[in-house]
Amino acid sequence: MPSNAVREHVTNAVREDVTAVVGEDAATAVQEHATAAAQGLTATAVGGHTAAAGAHTTTAGGYTTGSPTPVPQSYTHKTRPEEVLLRAWERTGPDAFTVTAQWPGDHAFYRTRHGLLDPMLLSETIRQTLPLLSHGAYAVPLGHQLLWQDLDWHLVAPAPEIPAGPEPTEVPEAPAALRAGSDPAPVLVELRITCPKVTYRRERAAAIALSVEVLRDGVPFAAAHSRFTIQDRAVYERLRGRYADLGAVRVLPLSPPMSPRPVGRDGFEDVVLSPTPTPDLWQLRTDTTHPILFDHAVDHAPGMLLLEAARQAAHALTHPTPTVAVGMESVFTRYAELDVPCWITADMLEADSLGRSRVRVTARQNDRDIFTSTVTLAPVTVQP
């Protein structure tokens with residue numbers, strides 16, 4: 001498994017993020033999308049389309065493969081170098097890739113709790129692969145916008161930890177692969193990615209679906225699926241209208257946070273929910289100065305903020321039982337605007353086949369659902 005750290009970063013980071021948008025608007029935007037040249041990308045023919053070559057060589061099968069290549073910072077859409085989780089990547093097939101990521105043992109936001117690594121590191125790692133593959137493999141120029149449609153991930157427990165039979169006698173705890181070591185040493189994970197469906201607009205990708213197998217120490221511990229579309233700046237500005245002007249974006253005053261413990265947090269600064277008089281209803285708290293969730297200026301609430309809100313709402317609903325998220329099935333349908341209150345609701349669903357808790361979280365804005373996520377939680381043993 002590749003383990004070389006990135007030795008240099010591209011300094012011109014992209015001022016954008018993977019975000020959510022209305023499905024029908026995204027489809028219209030893809031149809032309207034103008035052709036754009038792959039600015040700054042070295043390209044080679046792959047399967048009749050254009051893809052970044054990097055340090056790859058051509059095989060007899062007609063696609064490019066080769067040694068792992070360091071991931072440029074700009075290919076992750078992060079402006080803070082320390083937030084880049086991806087380290088190296090290589091093409092292994094026409095639409096197949098291996099990506100190495102390094103998870104910090106002591107992250108400022110994705111913190112270890114109950115002796116377990118934060119599973120939201122998995123969400124952020126997958127998010128960073130979307131621009132990596134777009135720019136590095138599918139000829140998408142820097143500056144284009146990526147629009148998240150859905151993300152589905154779940155942790156995979158080794159067979160001995162899963163009770164046999166349709167009615168488990170006890171609920172299995174989180175997979176052992178999440179366990180942190182006694183020291184805050186970084187953890188290397190490997191992502192084996194296939195893109196079963198890539199829609200092209202002339203020479204570059206306009207929409208990509210991907211499936212991911214995630215391994216630690218060579219052992220699979222998670223699986224994920226995601227889809228996203230891609231827009232150039234002109235189409236994005238037509239779609240977003242006045243919101244496309246970052247200088248004119250208005251942000252609501254920051255609302256007060258909930259108590260951190262019920263939502264699985266240690267400090268008020270990382271709480272993304274504000275309490276309301278109604279049980280199981282919160283206002284989304286959009287702190288645009290947060291160094292992780294708002295890594296750079298954006299005209300909407302980032303997708304990772306919505307995922308974190310879903311995770312925190314699920315913890316709030318199952319509090320005080322100590323749990324960890326072991327799966328999320330999320331759909332992004334509309335942008336979460338910064339100038340209008342966004343309301344988060346949570347409902348307990350029937351437990352899954354293993355007896356684990358499932359919580360349905362919905363984000364509403366302007367009387368419309370803009371995001372939904374079903375969060376699966378497993379009990380954990382509280383560390384002293």
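I began with the contacts of Gln-128, where contact means heavy atoms within 4.5 Å. Leaving aside neighbours within four places in sequence, I found Gln-128 in contact with Tyr-75, Thr-76, Lys-78, Glu-83, Val-84, Leu-85 and Leu-86.

I noted the ground rules: this is a predicted model, local features need pLDDT of at least 70, side-chain atom pairs count only at pLDDT 80 or more, and totals for chains, interfaces and linings use all residues. Residues are numbered from 1 along each chain as its sequence is written, and side-chain values use heavy atoms, with hydrogens and water left out.

I placed Gln-128 in helix α2, residues 120-137 (helices are DSSP runs of H or I, at least four residues; strands are runs of E, at least two; both are numbered from the N terminus). Is Gln-128 buried or exposed? Its relative accessibility is 0%, so Gln-128 counts as buried (under 20% relative accessible area; exposed is over 50%, partly exposed in between; 1.4 Å probe, protein chains only).

I checked the side chain of Gln-128 next; it reaches the backbone nitrogen of Leu-85 at 3.0 Å. Gln-128 and Leu-86 are 42 residues apart in sequence, and their C-alpha atoms are 7.2 Å apart in space.

I then followed Leu-86 to its bridge partner in β8, Ala-101. Strands β7 and β8 (residues 96-103) pair antiparallel over six bridges (pairing needs at least two DSSP bridges between two strands). A hairpin through two residues joins β7 to β8.

I looked at strand β6 (residues 69-70) too: two bridges join it to β7, antiparallel. Pro-70 has Ala-88 as its bridge partner in β7.

Last, I noted that seven of the eight residues of β7 (residues 86-93) are buried, so the strand is largely enclosed by the rest of the structure.

How values were computed:
A polar contact is a pair of N or O atoms within 3.5 Å; within protein, one must be able to donate a hydrogen and the other to accept it, and residues adjacent in sequence count only if both atoms are side-chain atoms.
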